[in-house]
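Here are my comments on the structure you sent over. Please read them with the model open.

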Amino acid sequence: MTAACRRDELQRRFKVYERQRSFVSAIGFGPLLLIYLLVHTRYLRPWLPQSREAELVVLLLLPAAWFAAVMLIHGWWAPARLGLQCPRCRHRLVGRAFMDAMSNGQCDSCHADVVSDPQEPA
Ligand SMILES: [Zn+2]
C-alpha cells in the first residue's frame with residue numbers, strides 16, 4: 001500500500017487476510033490433531049522418546065511451538081503482502097488497528113491517513 005486506499009478495498013484485503021488466517025491456523029493445528037488421533041495407537045509409539053519429559057516435549061511443546069510459529073509468521077508476512085499496512089510507518093492494519101482505520105481513517109500508530117474515504121457510505 002503506497003497511499004491511502006478506499007474503505008471497500010481495505011475491507012476486501014482484510015477479508016482475504018481473515019480467510020488466509022483460518023487456513024493457516026488449520027495447518028498450524030494439524031500436527032497437534034494428528035498426535036491426538038494417533039497417541040493411543042501403535043503407530044506413534046516407535047517415534048516417541050523413552051523419557052517422560054522428552055515425550056511431553058514431542059507430544060505437546062513441539063506442536064504448540066509449531067502452531068505459534070505458523071501464526072506469528074502469517075501475522076507478520078500476510079499484512080505486508082496484502083497491503084494491510086500503514087503507508088507511512090508500516091504498522092500492520094489488522095485486529096484493532098483495522099477497526100480504528102475503518103472508523104476514523106487513520107493509522108492508530110502514527111495517525112497518518114490510511115483510508116481515503118473514512119466516512120461510512122450513506
Ligand atoms: Zn502509521
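This is a predicted model: local features need pLDDT of at least 70, side-chain atom pairs count only at pLDDT 80 or more; totals for chains, interfaces and linings use all residues.

1. Helix 1 and helix 2. Helix 1 covers residues 7–38, and helix 2 covers residues 52–82. Their axes come within 9 Å and cross at roughly 165°. Because angles over 145 degrees count as roughly antiparallel, helix 1 is roughly antiparallel to helix 2. The crossing of the two helices is right-handed.

2. What makes up that contact. Which kinds of residue does the contact of helix 1 with helix 2 divide into? There are 17 nonpolar residues, four polar and two charged.

3. The buried side of helix 3. Helix 3 spans residues 96–104. Its buried residues are A97, F98 and A101. Seen down the axis of helix 3, these buried residues fall within an arc of 100°, so they line one face of the helix. What do the buried residues of helix 3 pack against? Their partner is helix 1.

4. The other side of helix 3. The face away from the buried side carries R96 and S103, and both are exposed. After helix 3 comes G105. The phi of G105 is positive, near 80°.

5. R90. This residue is found in the loop between helix 2 and helix 3. R90 is not a glycine, yet its phi is positive, about 65°. Is R90 buried, partly exposed or exposed? R90 counts as partly exposed, because it has 13 C-beta neighbours inside 10 Å. The cut-off for exposed is 12 or fewer.

6. H111. Here is another residue other than glycine with a positive phi, near 65°. H111 lies in the segment after helix 3. It is partly exposed, with 14 other C-beta atoms within 10 Å.

7. E9. This glutamate is found in helix 1. With 15 C-beta neighbours inside 10 Å, E9 counts as partly exposed. Now take E9 together with M99. The two are 90 residues apart along the chain. Their C-alpha atoms are separated by 14 Å.

8. G30. Helix 1 also holds G30. This glycine has 14 C-beta neighbours inside 10 Å, so G30 counts as partly exposed. How far apart are the C-alpha atoms of G30 and H91? They are separated by 30 Å, and the two residues are 61 residues apart along the chain.

9. E53. This residue is found in helix 2. Is E53 buried or exposed? E53 is exposed, because it has 8 other C-beta atoms within 10 Å, and 12 or fewer is the cut-off. In sequence, E53 and F29 are 24 residues apart. In space they are 22 Å apart, C-alpha to C-alpha.

Methods:
Residues are numbered from 1 along each chain as its sequence is written. Axes are lines fitted to C-alpha atoms, for helices over the stretch in contact, and angles run from 0 to 180 degrees between N-to-C directions. Helices (H or I, at least four residues) and strands (E, at least two) are DSSP runs, numbered from the N terminus. Angles under 35 degrees count as roughly parallel, over 145 as roughly antiparallel, 65 to 115 as roughly perpendicular and the rest as oblique. A crossing is left-handed if the near helix is turned anticlockwise from the far one by less than a right angle, and right-handed if clockwise. Ala, Val, Leu, Ile, Met, Phe, Trp, Tyr, Cys and Pro count as nonpolar, Asp, Glu, Lys and Arg as charged, and the others, Gly among them, as polar. A residue is buried if 20 or more other C-beta atoms lie within 10 Å of its own, exposed if 12 or fewer, and partly exposed in between; C-beta atoms are placed from the backbone. The arc is that of the directions from the helix axis to the C-beta atoms. Two residues are in contact if their C-beta atoms, placed from the backbone, lie within 7 Å.
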